[in-house]
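Biologist: I would like a close look at one helix, please. Keep the answer connected.

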Amino acid sequence: MHTPVKDPTGKTTEYRDENDTCPVCKSDRFLNKNLRLLVSPCYHRMCEGCIDRIFTLGPAPCPIPGCGTILRKMQFIHQTFEDLTVEKEVGVRRRIAKEFNKRRQDFQDLRSYNDYLEMVEDITFNLINNIKVRETEELIEKNRRENAALIELNIQRDERDVSSLQEEEARERRDREQRAAELRMMEEEEKFEKEREKQAIIDGLATSNTDADRLVAKTRAEAAKRSQARRRPDISNLLSSSTTTSYNNTRNTFAKDEPHVPFTDDWDDCHDRFSLRLPGDQSPYYDPTTIEVRKDVEGKYRAGGYMLEEVWERALRSAVMALDITPLPEDE
Amino acid sequence: MELNDQTMRSWIKEAKVGEGTYAVVYRGRHAVTGRPVAIKKIKIGQFKDGLDMSAIREVKYLRELQHPNVIELVDVFSAKTNLNLVLEFLDSDLEVVIKDRSHVFLPADIKSWMAMTLRGLEFCHRNWILHRDLKPNNLLIASDGQLKIADFGLARDFADPNPGFKMTWQVITRWYRPPELLFGCRHYSTAVDMWSVGTIFAELMLRVPYMAGDSDLDQIKTIFRALGTPTEEEWPGHTKLPNYVNIGQFPKSPLNLLFTAASSEALDLLAKCFIYEPRRRITAKEGLHHPYFFALPHPTHPSKLPKVAPTTKAKPLQVDDYEDDMQTEIKTTYREKRDKV
């Protein structure tokens, strides 16, 4: 019915005990080597044999005295924890987390979010301890109806978070491997270089007539120069590769949302340099070319949104905008 | 001339990515730094009466504007008889993102896009430039998620010192066009762009164009059906506009009937973009200070916004693409030789 559940490392995470006894047929591990106890939605244990026997023909009441919950064969799950109350709590919490998955950003303020968490905790507590079960179920149903779209959205969000986290991990692993490979290569080259140096000294001693000490010193110095020349770019390579990856990391997925800033450029709006007179003022500017606009007999300037103050502001701004800037020196 | 040759040689065309009526767009890169760019080759040969107007506008205004939310014009050079604009390379646009149904937009995502749009637009308006063609298709998205206003082919400076100058009303793609332009107004201002911003805001929430009319007249009708027919009080003088037609009375319906998921601040900003009287419509600067942007959730960081992998398949350059270049080359050499003789 249920294959043993395994976690990602391949370990079976099903709980079993040598002293297990099926509470229904009383058979135990001594009589039945393959005894496997499964847990019902009402958190009662029974063996696979009993489940087959009782529920093969369809839904039936739970055989445990005093329970009688209607159960189906498919609803039985494997047991993970020794203590069934823990099993129940985990199950309830998993279910509630799926139904009530609002996040902090779905709320106007911290207060309402905290209230929400409190409510979720209450519901969970009630379900675990069988308090006011029917009312609580109604509450859950109501929440599902009202927030269907948001719940769906948050499920997608969670998936997105998980996948981006996985990507991030994969990238880091790749980077680490690459760096290790580069390091290994460097070491190998160094070893090779040492061999070559030794060989060069032996060859030199064998063929030339110069003083042995001097020859050794000279070859060593040359080798050192060579290895330094080789290593420099390698290190800079390593550095640059690590900076580019860190750049990629920052621009991907984990940048933090920040509060809105109206302007991101350094805009100095020279407000203090002039005060604008408006067309409706007591004494607007003397501007004979715009008499027609100010009268606006047909109202077409107003209807179109043409604004005389913009014309004046543009003229004034153009006049004062560059007042602070020092002129270029003459020889340039 | 020498300088031009130098510039021309520093940009390499790699693949053709699109073709419009007056320009071909190539993907390219800088010969030395390898910086990716888009090269817009403007076909001059076809225009008997000189350079195309939109090309002039694009160069004129983009040369002046430098802002994180406005596309950067990197360089300009001419090759043979063609004019080439070297623009920042941006691989997707907001329209593509809106149409991709695999993404769910969070309220914070929309807020982030809106803030970037308004910042870019405020910068244009601050420099006395009307964009006059805002639509999702012209809001390009950089690989780091930054939104950039592009296509200044219809841009124009405003607040002319002489109010006798008339501006054309045949600008802005119809669905994003404000009612004053639909009524043929010749004197207008920044409010026309803000109407477009409102329609883009609505489109981001609905994922379909908000007011899609199939003719100019139908567009007016659609607007009035959506927002109610304006009264003389709401929009003084609109009946005097050149192309005014009486469409009939439509009742007002509150925006929250259609935008059910929007917060009250979002609806307030939207309503202020759709104020009929242009002088009372919210400006880009006021928009950036609107409570909508300061309410929770914070706008999504640009790098985390939904993204679409570039769908336009870049085509490697074909022999045909070189052909017209070759022909002009042959012609010029021929002419030079003839002149010598």
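At 1.5 Å a residue, what should the 20 residues of helix H4 (residues 107–126) of chain B span, and how far apart are its end C-alpha atoms?

Modeller: This is a predicted model, in which local features need pLDDT of at least 70 and side-chain atom pairs count only at pLDDT 80 or more, whereas totals for chains, interfaces and linings use all residues. Residues are numbered from 1 along each chain as its sequence is written, chains are lettered from A and ligands numbered from 1 in the order in which they are written, and side-chain values use heavy atoms, with hydrogens and water left out.

H4(B) should span 28 Å, and its end C-alpha atoms are 28 Å apart, so the two agree. The expected span is 1.5 Å times one less than the number of residues. Helices (H or I, at least four residues) and strands (E, at least two) are DSSP runs, numbered from the N terminus.

The helix is mostly covered, with 19 of its 20 residues buried. Buried means under 20% relative accessible area, exposed over 50%, and partly exposed in between (1.4 Å probe, protein chains only). Just after H4(B) comes B:Trp128, which takes a positive phi of about 60°.

Among contacts (heavy atoms within 4.5 Å) in chain B between residues at least 6 apart in sequence, 66% join residues at least 24 apart.
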